[in-house]
Amino acid sequence: MQLEVGSIVEGKITGITSFGAFVELPEGKNGMIHISEVSTNFVKDIKDYLKEGQIVKVKVINISEKGEVALSIKKAQAPKNKQVLNQNRSNGPGNFEWQSAKKSSDVSFEEMMSSFKHASEEKISDLKRATESKRGGFSRRGAQRS
């Protein structure tokens, strides 16, 4: 079987270093998993995740001109359910609800504009309040120039 970028294969961990793990692949080829490609979580010590002799499923992410094979365990895993990820996202930046619960066909243009204006004014006043509190109440107008 010829190794190709994007293919998923099983291999045996043959060595572990502080920066990654070496894997024996099918047909006697070798590759390396960089520590950043071991898990989606931060990996401080690779030995907490991998042991020598362990069989792992890896994805080939790069093959250099010298024949060095870069592997990834985290990219070989099935992606998490996208629907669950989308439920945790807001409709826009700032965790604001950017779209009205009503459908646009049920609301007149004037009502939409009024609602938008009201929401915008609230957001601007919240932003001004937060910004002014960070200034500590100091006003440049009251300061004397020397």
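**The core and the barrel**

Leaving aside neighbours within four places in sequence, L50 is in contact (heavy atoms within 4.5 Å) with I13, I16, A21, V38, V56 and I73. This is a predicted model, where local features need pLDDT of at least 70, side-chain atom pairs count only at pLDDT 80 or more, and totals for chains, interfaces and linings use all residues. Residues are numbered from 1 along each chain as its sequence is written, and side-chain values use heavy atoms, with hydrogens and water left out.

L50 belongs to the largest nonpolar core, which has 19 residues. Such a core is a set of buried Ala, Val, Leu, Ile, Met, Phe, Trp, Tyr and Cys residues joined through side-chain atoms within 4.5 Å. Buried means under 20% relative accessible area, exposed means over 50%, and partly exposed lies in between (1.4 Å probe, protein chains only). Seven members touch the most other members: I13, L25, I33, I46, L50, V58 and L71. The elements that each give two or more residues to this core are β1, β2, β4 and β5. Nonpolar side chains tend to be buried together in soluble globular proteins.

Now the strands. They form a closed barrel of five, in the order β1-β2-β3-β5-β4, with mixed pairing. Strands here are DSSP runs of E, at least two residues long; helices are runs of H or I, at least four; both are numbered from the N terminus. Two strands pair if DSSP finds at least two bridges between them.

Start with β1, residues 8-16. β1 is antiparallel to β2 (residues 20-24), with four bridges between them. One of the pairs sets G15 against F22 in β2. The hairpin that links β1 to β2 uses three residues. β1 also pairs with β4, again antiparallel, this time over five bridges. There, G11 stands opposite V56 in β4. V56 is also one of the contacts of L50.

Next comes β2 with β3. These two run antiparallel and share five bridges. A21 has I33 in β3 as its bridge partner. A21 also touches L50, while I33 is among the core residues that touch the most other members.

The β2-β3 hairpin has five residues between its strands. E27 sits in that loop. E27 is not a glycine, yet its phi is positive, about 65°. Most residues other than glycine have a negative phi. The relative accessibility of E27 is 52%, so E27 counts as exposed.

The next pair is parallel. β3 (residues 30-34) meets β5 (residues 69-72) through two bridges.

Five residues separate β4 and β5 in their hairpin, where G67 takes a positive phi near 95°.

The loop between β3 and β4 deserves a look. E37 lies in it. At 12% relative accessibility, E37 counts as buried. Beyond its neighbours within four places in sequence, E37 is in contact with I61, L71, S72, I73, K74 and K75. I73 also touches L50.

Finally, the whole protein. Two helices and five strands make up its secondary structure. Along the sequence, the pattern reads β-β-β-β-β-α-α. The protein has 146 residues, and 21% of them are buried. Among contacts between residues at least 6 apart in sequence, 49% join residues at least 24 apart.
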